[in-house]
Amino acid sequence: MSKPGNNSQIKNPPSSQSGTKLTDVLAAIYKDLDAKVAKGIQNIGGTTCKAGCTHCCHILTSIGLAEGVALAERVLDMGLGSMLPKLRSAALAVCEDGITPFSYMDKKLPCVFLDGGLCSVYQQRPAVCRFYYVMSDPALCSLESNGEPVAVIDLGRAHSPIWELNVHAGRSDPELMDRILISPIPVMVLFCLSLMLREEPGYSMITEARKGIPDPDAWFERYGKTVAESERKSPKKELSKEELVQLRANIKKG
Ligand code: SF4
């Protein structure tokens, strides 16, 4: 299967409210976010995250519409023939009654975009992948960890412009209005591909790949509640000053 066309042939990608190309707005927000995150990490004394560590690429990660469109455009560049089966299989893995972030971790499934230990969509990776950093030993993030809490760096609301953009993108299409459009990455990307290619000859490939996979709002309604419930119940640990000093010293030691 070849990709049905280049980006200029996509008829209906949701746009930002002003009509500017959504991916351009997103790129500007990411640039700003990356700078804020770098400053936040510097202010707190550094991170133990290292290039090549992919533990957090096994977490159940959700995105909104704007980031879904950007990733769907990237998927078109990568080739639908190779990506659709991967997206389908990854989306089916999150369509499970009673799913929680912990039950998903037990599946030990890498993100659909992790390729040979590297993020294949690094420039377009979602905001959540840009501000998730830890100060604790990376081994604690591992799937084999004994459950000892991970010290995640709180980067505040640095990513909130992304959510505003998601809302604007939803308003650009009457069909999307008033719908809660947030879901795990593969469900959202398949949905965005179906929006973008709905008038293209290759649309049947998308319909086939989405068989049995709900729209993001239907996913949220059916499976999202157990995810949210479990996140609310998971213990959050506030670091004491002493613990913070110790973690900073460990980072300095390297
Ligand atoms: S998009 Fe990239 S950085 Fe984010 S979880 Fe997937 S592979 Fe990891």
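Modeller: Let's start with M188: leaving out residues up to four places away in sequence, M188 touches I63, G68, S183 and P216. Touching means C-beta atoms, placed from the backbone, within 7 Å. Keep in mind that this is a predicted model: local features need pLDDT of at least 70, side-chain atom pairs count only at pLDDT 80 or more, and totals for chains, interfaces and linings use all residues. Numbering runs from 1 along each chain as its sequence is written.

Biologist: Is M188 buried or exposed?

Modeller: M188 is buried, with 26 other C-beta atoms within 10 Å; 20 or more counts as buried, 12 or fewer as exposed, and in between as partly exposed.

Biologist: Which helix is M188 in?

Modeller: M188 sits in α7, residues 185-196. Helices here are DSSP runs of H or I, at least four residues, numbered from the N terminus.

Biologist: Switching topic, at what angle do α1 and α2 cross?

Modeller: Roughly 110°, and the axes of α1 (residues 22-44) and α2 (residues 65-78) come within 10 Å. That makes α1 roughly perpendicular to α2, a label for angles of 65 to 115 degrees. The axes are lines fitted to C-alpha atoms over the stretch in contact, with angles from 0 to 180 degrees between N-to-C directions.

Biologist: Which residues meet there?

Modeller: L22, T23 and L26 in α1 meet A66, E67, V69, A70 and E73 in α2.

Biologist: What else does A66 touch?

Modeller: Beyond four places in sequence, the contacts of A66 include I162, L165, N166 and A169.

Methods
Helix = DSSP H or I, 4+ residues; strand = E, 2+ residues; numbered from the N terminus. Parallel < 35°, antiparallel > 145°, perpendicular 65-115°, else oblique. Contact = placed C-beta atoms within 7 Å.
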